[in-house]
Amino acid sequence: MHIAATLLPLALSVAAKPISRRDAAIRDSPSGTYAPTVGQCPSSGAAIRQGSAIDPSEKAYVQDKAVTSLGDWTSYLQNIGLEGFNISEFVPSSENAVAGQTVPIVALGISGGGQRAMLTGGGIFAAFDGRNATTVALKSGGVLQLASYMGGVSGGAWMTGSWSLSGYPSFENLRDQVWNMTEGYLTPSPSHPSMDADAAASVTLKAATGAPVSVVDAYGRFLAYHLTNDSRPNTDVKSGPGAATLFSSIRQTPLFKSKAAPFPIILSTGRIIGKSSDTIENPIYESTPYHFGTNLPTSGGLFVPIDFLGTKFENGVPSNSSTCVTGFENAAFLMGCSGNIFGAPVQIGANAANMSAITGNKTIMAAIGAVPDEKLDNGRVINPFLGLAASTGYPASADPELALLDGGNGGENIPLFPFMQKSRAIDVMVVVDASADNLNYPTGSAIHNTYLKSLQTGYNDTPFPVIPAVADFVSQGLNTRPVFFGSTCVSQPKNVSTPLVVYLPNYFVNYPTNTSTFATSYTTEQTYGFFQNGLGIATQDGSDTWPTCLACSLVDAQQTRNGKARSSQCQGCFEEYCYVGSQ
């Protein structure tokens, strides 16, 4: 069944009738503006967490999400109708629901790639949304509601953060009522004529507190006009949309509070001071509604409560108990760090015009002030991990500031690294790759780089399946179809057990989606075309068998834990979609 001819009219009809509301961005910065606030540290809670254990608040969230998703699992599996599958045996009672033991832990992820990635992910995840009767009828709808995690890098972080901050609406609603993609995100427009003046005012306010600033602050303020649903009149003319919205604001959205939405994670790459290039050796920093930090190969990890990001810590505690910073973790700033176009020399030629929108703006640059060139293009964050983990090779242990760059700068352009951590016990990762490797389509280099990272010394506790190099990846057509990677497909070196990775590359199904990473605006036709192509990828152009196979991938680990043999139907799916080595 081919559905391409009907997809664009369908997308337009869905957009005309939003299937879920989107919430106004929550303004809870303590200052009411972009500026952080300095105050007395609390008696407890303002401390660095070290080790491999999962954040207690995150762990509790994922467990509660397992319970709230039980009905979603039942509805989804009933709709799919797997052969020889007992749904009542698979879905436990709420009393017996334990994430990762009796309920699968599913993660969704979207790569970097600017607004191309944002639209690609939005289109595919819209097709996974069980709130849309049309996609449920196509049997792709419902996957979104099963996910415990949603991760994003760069443009994928824009999608993940924007969706979470807006209260998890339909992606069609987000596309049409928040993203405002017909107007460029780096220049003032009829809808946002004061964008540059607001950005300059916000940076001035932040700098006046003594917090470090750079061009990434202004960049984040520009992005806020398109990523935060904050079009209400400003109570402070110096704020502008999104200026008072924090990443921790996600905790106040209704679906997050009811544990009915995926737990969001966005990533940035950390620059290693003194190193001339960025590689897979660079640290990866994650921002969640509860924490900011990095997973380390030998010491487990370093994490600070995100509420206190911007505070000066030394050896794990605030340098001065009377000076804890709050309100530094502006949501658009962190999304700007994840999509930081300024920090990669290889991008300067292709992206010079985009960068000059800020670096050539005298008002903004005056607000930023005299910042050394080597810091001007960093997302500048006071290093909360100063003095920690030096003996384990943490490269920023002695750096007063962290330098945050685009999440894909080190070559890992898909948010797989946080999903690999054993403490999260993720069973299956469904990831979308919208990288621009060749003609602005992916060639598998990003997922291969994550595999290479897993081979580095000390990362033996983060097992990841073997991924072929680019030449083999492309020659086998793995970049133009869904692929399953993992130990359930083929034995891994040293018989390591790995999570299952369901890889969904961006490729042409019914609409060209290989636009430039540096495109800053899209026509309405293009935005609908991307969603049309996303639906084509998510359903495999209306395939009768792909929805079944996707469902098989989601239940496989739990079936193994339950002591159930894989059905012949699911076995056929794994034989069709598994990567088993070079052919």
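Biologist: Which cysteine does cysteine 41 join in a disulfide?
Modeller: Cysteine 324, with S to S at 2.0 Å; a disulfide here is a pair of cysteine sulfur atoms within 2.5 Å. This is a predicted model, where local features need pLDDT of at least 70, side-chain atom pairs count only at pLDDT 80 or more, and totals for chains, interfaces and linings use all residues. Residues are numbered from 1 along each chain as its sequence is written, and side-chain values use heavy atoms, with hydrogens and water left out.
Biologist: What is the handedness of the disulfide of cysteine 41 and cysteine 324?
Modeller: Right-handed, because the torsion about the S-S bond is about 100°. Cysteine 41 sits in the loop between strand E1 and strand E2 and cysteine 324 in strand E11, so the pair ties together parts 283 residues apart in sequence. Strands (E, at least two residues) and helices (H or I, at least four) are DSSP runs, numbered from the N terminus.
Biologist: Are cysteine 41 and cysteine 324 buried or exposed?
Modeller: Both are buried, meaning under 20% relative accessible area, where exposed is over 50% and partly exposed is in between (1.4 Å probe, protein chains only).
Biologist: How many disulfides does the structure hold?
Modeller: There are 4. One of them links cysteine 552 and cysteine 570. Cysteine 552 lies in helix H21 and cysteine 570 in helix H22, so that pair ties together parts 18 residues apart in sequence.
Biologist: And what is the handedness of the disulfide of cysteine 552 and cysteine 570?
Modeller: Left-handed, since the torsion about its S-S bond is about -80°.
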